[in-house]
Amino acid sequence: MNAVLLARLQFALAVGFHFFFPPLTFGLSLAILIAEAIHLRHKDQVARVVVDFLVRLLGLVFVLGTATGITLEFSFGTNWSQYSRFVGDVFGAPLAAEGVFAFFLESVFLGVLVFGRNRVPARAYWWAAFLVFFGAHLSGLWIIIANSWMQTPAGFEVQGGRAVLTDFWAAALNPSTLIRYVHTVAAGWITGSLFVAAVGAYYLLRRRHEHEARLMLRVALPIFIVVSFGQVLLGHQHSVQVAHTQPEKLAAFEALWEGQSNAPLALFGVPVSAHKKTYLYVGIPGLLSWLVHGDSSARIPGLEDFAVGERPPVFLPFVSYHIMIALGFWFVAMALAALVLMAQRRVYGARWFLWALLVSAPLPHMANQFGWIAAEVGRQPWVVYRILRTADAASVVVGAGHVLVSLLGFIVIYLLLFVVFVRILARLVAEGPRGEHFPGGAGRGE
């Protein structure tokens, strides 16, 4: 393997591992904000205990997310120095803004949540929860701005072999920023709400902390229901944006080898680029044209419409994209079941549903990872779409051997971090909400 491929694998590993944590932060911070509002408004001590418990989980997620995010920024200067030279004037601004305006806000007020329960007024504590929620989402916005600029670059000129920022707002609000951001935030809310619901389901199945578990479900399930349904529309809008701004990526998502009118929507298949054919193909004629243009006879460009050297890989984007969508519809089915059970007031006693929540907790992470793979592999061979090729972005003086050694080091370190994270998380969940805030010191659910 050459140095560029190894550098891509290393960056994919680092991003993939890091991307476990920010979506969970989005959803957890929202659940904490709502539960603390319940505590503040109704003086609900169960809500207070739940908030304190979730804050401990959020603290763990935040630490791992921060540690794994720092390595990403260093990697731009090590394995991707040509990229850094070319886009540093543009790409550095959102990364700096993320650190100055968002990270410090989130970290400072997370400290208030962790250490300030009995040291600040109740209303100030709620504001701290809000600022952690706001800071986490602001941080995500800057990162999405940076990534979206690479997908649909705007607001710059190439001068002297470097991208120079000419219009900040055009660069920040490039054609894919907003829909990509709300799609990512919604994915994070699904991830965090299902995680909180799964923890609550676990306690109900074990008949422990039942009051706290019921409140977790009462907070998490409405988020999960609303966002799961909404994500279908957001995902569709994101795909339409891709169809208009990166048509070859959509062609790879759908394994559309030749441009077609009445283009089908692929449901299943095994695309093989060497044969330019999709085996075991199952699709719905005309539906892709209708979803993109509102007209089933509209033409959708295929991969053959683009130069050979500008076509993305097909198998990995196709498979990742369809697994992500399949998982999205699983969440819709879960949301529908939750809605029916809540209407029938049977949600806390339906053990099959509680088990379904528990085993589904990792699935949003899988959907996030597959969505990210589809988006990033689907824009190859470009690191900055139609501006800078990935092969021209790598560091020219770093050999394959050096990258391989550091890649192996990353694998070992991330495996250790993952094991440590899972063990601490399992210990915190096994320990459960602490009931010391109740009169007499015992939690109601004990």
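How many residues does helix 14 have, and how far does helix 14 reach from its first C-alpha to its last? There are 32 residues in helix 14, and the end-to-end reach is 46 Å, close to the 46 Å expected at 1.5 Å a residue. Keep in mind that this is a predicted model. The average pLDDT for the protein is 92, and 97% of the residues score at least 70. One stretch to treat separately is residues 437-446, where pLDDT stays under 50; the model has 25 contacts for these residues beyond four places in sequence.

Back to helix 14. Val403, Leu407, Tyr414, Phe421, Leu425, Leu428 and Val429 are buried there. The buried residues of helix 14 pack against helix 1 (3-18), helix 2, helix 3 and helix 7 (177-206). Just past the end of helix 14 comes glycine 432, with a positive phi of about 80°.

Now take one of those partners, helix 3. Helix 3 (residues 45-78) packs with helix 14 (residues 400-431) at an angle of about 175°, and their axes lie 10 Å apart. An angle over 145 degrees counts as roughly antiparallel, so that is how helix 3 and helix 14 run relative to each other. On the helix 3 side, the contact is made by Phe53, Arg56, Leu57, Leu60, Val61, Leu64, Thr68 and Thr71. Helix 14 answers with Tyr414, Leu417, Phe421, Ile424, Leu425, Leu428, Val429 and Glu431. Sorted by class, this contact has twelve nonpolar, two polar and two charged residues.

Another partner is helix 2, which covers residues 21-42. With 22 residues, helix 2 reaches 31 Å from first to last C-alpha, close to the 32 Å expected at 1.5 Å a residue. Is helix 2 largely enclosed or largely open? Of its 22 residues, 17 are buried, so helix 2 is largely enclosed by the rest of the structure.

Finally, have a look at lysine 249, which sits in helix 9 (residues 247-253). Is lysine 249 buried or exposed? Buried means under 20% relative accessible area, and lysine 249 has a relative accessibility of 2%, so it counts as buried. Leaving aside residues up to four places away in sequence, lysine 249 touches Gln151, Val242, Pro312, Ala375, Gly378 and Arg379. Valine 314 is 65 residues from lysine 249 along the chain, yet their C-alpha atoms are separated by 8.7 Å.

Methods:
Residues are numbered from 1 along each chain as its sequence is written. This is a predicted model: local features need pLDDT of at least 70, side-chain atom pairs count only at pLDDT 80 or more; totals for chains, interfaces and linings use all residues. Side-chain values use heavy atoms; hydrogens and water are left out. Helices (H or I, at least four residues) and strands (E, at least two) are DSSP runs, numbered from the N terminus. The expected span of a helix is 1.5 Å times one less than its number of residues. Buried means under 20% relative accessible area, exposed over 50%, partly exposed in between (1.4 Å probe, protein chains only). pLDDT is the predictor's confidence in each residue, from 0 to 100. Contact means heavy atoms within 4.5 Å. Axes are lines fitted to C-alpha atoms, for helices over the stretch in contact, and angles run from 0 to 180 degrees between N-to-C directions. Angles under 35 degrees count as roughly parallel, over 145 as roughly antiparallel, 65 to 115 as roughly perpendicular and the rest as oblique. Ala, Val, Leu, Ile, Met, Phe, Trp, Tyr, Cys and Pro count as nonpolar, Asp, Glu, Lys and Arg as charged, and the others, Gly among them, as polar.
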